[in-house]
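Student: I am new to this structure and would like to know what stands behind each label. Can we go through the terms one at a time?

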Amino acid sequence: MNMDTIIDKWFSTRDQKITWGISLAFFIIFPIYFANIAAFLPEGAMVSGGAGVSGDWDVTFEESDVATSESTEFLMDGEEFEFEFMFNEPGINLAYVEITVSHGETDESGRTPAIQDRCDNAVGEMELSGVNGYVESGSTTSGESGPPNECPTSYTMVVLLIENYTGDSYQTSGSKGDIQNMWSDDGNGRGDWMCVITLETRTGSAPGPGPTGVWNNNEDGEEIKVSWRVVGVEVSVTPVVEVSVS
């Protein structure tokens, strides 16, 4: 089949000629459009969202809970218990994990005014050897219930998974891809999380003349609750658009 036959075949009808005409126009106009559109955009705005594009950017963060868990155990005085939580979900950009330790107080008011309100203490320590990685600087990996006269009580430990992450929006200049890479968890936070709690009961009364335990509230233990909250973050890097006031 010679070239003339091929041309006659593909351009033999009016519809075929229109189709090829539109296609040719598209191939000509498309590159011209993208070569010149930047001239009509505000200063600092870019043509596309390609990672290699440089410019001035608004960087914002949107957090969401991607996993939560809660468990409760009754601990005796001096007892140590390992609260465990597993997270292995891929494809989610993690910002941090919050671990909240809380407990009530079954018997803290003693009969001796000078040493009343001796609240118990749940000492927490994170054991992170089973976790793929985390940010040491800025993370809280230990805690305790606080002063003996403040109960019921709770405290929260926060383990960061992205370096320098605060969640605050900001503006910057540079490569879009480099900025996005700054706010990636790099696989941190996956694995077996463990929070080790040791209970210290505190007496709230000196022994009295009655039987042991009647006037002395050094109870057997407390119910300890540990809650886990895994927080994901979506990072948006958008062109800065200058708004002019006439």
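Tutor: Helices (H or I, at least four residues) and strands (E, at least two) are DSSP runs, numbered from the N terminus. This is a predicted model, in which local features need pLDDT of at least 70 and side-chain atom pairs count only at pLDDT 80 or more, while totals for chains, interfaces and linings use all residues. Residues are numbered from 1 along each chain as its sequence is written, and side-chain values use heavy atoms, with hydrogens and water left out.

Student: Where is the place of Asn-164?

Tutor: Asn-164 sits in the loop between β6 (153-160) and β7 (170-175). Its phi is positive, about 65 degrees, although Asn-164 is not a glycine. Most residues other than glycine have a negative phi.

Student: Why does Asn-164 count as exposed?

Tutor: Buried means under 20% relative accessible area, exposed over 50%, and partly exposed in between (1.4 Å probe, protein chains only). Asn-164 has 60% relative accessibility, so Asn-164 counts as exposed.

Student: What is the phi of Asp-186, and why is Asp-186 called exposed?

Tutor: The phi of Asp-186 is near 55 degrees, a positive value in a residue other than glycine. Asp-186 lies in the loop between α3 (176-182) and β8 (191-200). Its relative accessible area is 63%, so Asp-186 is exposed.

Student: What makes β4 and β5 a pair?

Tutor: Two strands pair if DSSP finds at least two bridges between them. Strand β4 (residues 121-127) and β5 have 2 bridges, in the antiparallel sense, and Glu-125 stands opposite Ser-142 in β5. β4 and β8 also pair in the antiparallel sense, over 7 bridges, with Val-123 opposite Thr-198 in β8.

Student: What is the order of the strands in the open sheet, and which strands stand at the edges?

Tutor: The open sheet has 4 strands in the order β2-β8-β4-β5, with antiparallel pairing. β2 (80-87) and β5 (142-143) each have a single partner strand, so they stand at the edges, and one side of each is left without a neighbour in the sheet.

Student: What makes Asp-65 and Arg-229 a salt bridge?

Tutor: A salt bridge is a side-chain nitrogen of Lys or Arg within 4 Å of a carboxyl oxygen of Asp or Glu. For Asp-65 and Arg-229 the N to O distance is 2.8 Å, so the pair is a salt bridge. Asp-65 is in strand β1 (residues 54-76) and Arg-229 in strand β9 (residues 221-239), 164 residues apart.

Student: How many salt bridges does the structure hold?

Tutor: The structure holds 3. Another joins Glu-98 and Arg-229 at 3.1 Å, N to O. Glu-98 lies in strand β3 (residues 94-103) and Arg-229 in strand β9, so this pair ties together parts that are 131 residues apart in sequence.

Student: Are Arg-190 and Asp-185 buried or exposed?

Tutor: Both Arg-190 and Asp-185 are buried.

Student: Why is Arg-229 called partly exposed?

Tutor: Arg-229 has a relative accessible area of 27%, so Arg-229 is partly exposed. At 45% relative accessibility, Asp-65 also counts as partly exposed.
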